[in-house]
Amino acid sequence: MKKILLSIGMSSVIMLSSPLLAATGEWWEVTGKMEMEGMPFAMPAQTSKVCMPKGGESDPNNTQGKDKNCKMTDVKHSGNTVKFKGTCVNQGETMNVVGETTHDGNSFKSNMKMSGKAQGEAVNMTMVSSGKRIGGSCDTEELGRKAKAQVDAGMAAACDTSKYKTYNWVVSASLFIGAKPSCPGKKETLCKVLRNDMPHDLQAFQALESREKAQGEPSVAKACNLNMENTKKSLCKEKARSGPLSFLEASCPAEAKAYRELLRKREECAGRGFTSGDKMNKCMGGEMLDDTADSPAAKSGKSSADAEPADSGSGGVTSDSVLEGAKKLKGLFGF
């Protein structure tokens with residue numbers, strides 16, 4: 001809630017100081033401050049230099065800013081006072097605006113109240129602004145051009161997928177799908193990456209699973225014709241011997257049971273106290289424990305515990321041969 005309110009407040013203060021009407025204008029110094037119910041702290045006033053059309057101080061579209069989502073529907077002039085009402089509609093939610101401005105040609109003071117909902121939360125805030133003419137001609141379109149350039153640069157950065165991993169494609173998918181995607185022309189690349197990598201990338205799969213459950217987000221699985229259940233089965237096989245156990249228990253009961261048994265065997269193996277590093281590595285890797293079709297024990301029909309001792313005549317080193325060698329050395333050196 002606090003983040004939503006802060007975002008709205010900052011946007012409103014910026015709106016106050018950003019009139020974008022196209023005309024030759026004059027420089028004004030505009031200060032705006034926002035107060036909002038539920039905010040744990042007061043936001044500081046913001047002052048900026050604004051290019052305002054001549055006579056713009058009597059128009060709430062200038063003193064309150066130009067926003068394509070907002071319309072002033074009831075503006076009444078009486079001497080040097082302007083009263084106005086309006087609405088701002090964003091993503092289907094409406095904010096009602098009521099305000100009053102007084103002006104004298106060189107300065108203005110304005111008070112505006114906004115009430116309604118934003119992202120489902122009730123919002124009530126007051127915007128207080130003032131301005132004084134500092135003179136000098138300016139181009140009112142310049143700020144708009146700079147703002148557009150900043151937006152374009154930001155979108156170019158957001159649409160740069162050159163360093164994307166599968167997870168990045170998932171969390172940014174809204175930019176690439178839908179009727180009018182913010183980054184057009186990348187849907188096919190998105191879908192190809194997900195089809196190829198998702199069966200092996202658990203982090204990306206879990207991110208997509210969460211995203212598909214979120215309300216208000218377009219379905220990536222539907223847009224890319226992804227079968228989430230088949231992808232999950234592929235991941236179950238992929239993670240059957242490496243885990244994590246939390247995923248297997250939540251999604252793959254059979255693999256989870258087998259993995260728990262493998263962990264038990266590995267723990268038992270670690271407690272045997274092998275002195276040979278090679279044997280320990282084999283044991284911990286499951287080679288000496290697994291009764292799988294590919295294991296040496298399974299192929300021979302015997303477990304590692306049933307294996308016969310090496311025949312000393314075949315070149316294997318036994319305890320008897322080591323003892324015999326020690327006796328010979330003792331006789332040779334006389335100790």
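Is Asn225 buried or exposed? At 70% relative accessibility, Asn225 counts as exposed, where exposed means over 50% relative accessible area, buried under 20% and partly exposed in between (1.4 Å probe, protein chains only). The structure is a predicted model, in which local features need pLDDT of at least 70 and side-chain atom pairs count only at pLDDT 80 or more, while totals for chains, interfaces and linings use all residues. Residues are numbered from 1 along each chain as its sequence is written, and side-chain values use heavy atoms, with hydrogens and water left out.

Of its 335 residues, 31% count as buried. The accessible surface comes to about 20700 Å², and carbon and sulfur atoms hold 51% of that area, as given by the Shrake-Rupley method with a 1.4 Å probe. Among contacts (heavy atoms within 4.5 Å) with a separation of 6 or more, 51% are between residues 24 or more positions apart.

Asn225 itself lies in the loop between helix 7 (220-223) and helix 8. Its phi is near 55°, a positive value in a residue other than glycine. Helix 8 (residues 228-238) holds Thr231, which counts as buried because its relative accessibility is 11%. Setting aside residues up to four places away in sequence, Thr231 touches Met198, Pro199 and Phe205. In the loop between helix 8 and helix 9 (245-251) sits Pro244, and a cis peptide bond with omega of about 10° joins Gly243 and Pro244.

Buried positions in helix 10 are Ala256, Tyr259, Leu262, Lys265, Arg266 and Cys269.

Among the strands, the loop between strand 3 (70-78) and strand 4 (81-90) contains Asn80. With 42% relative accessibility, Asn80 counts as partly exposed. Beyond its neighbours within four places in sequence, Asn80 is in contact with Thr101, Thr102 and His103. For Asn80 and Thr102, a sequence separation of 22 residues goes with a C-alpha to C-alpha distance of 5.6 Å.

How values were computed. Helix = DSSP H or I, 4+ residues; strand = E, 2+ residues; numbered from the N terminus.
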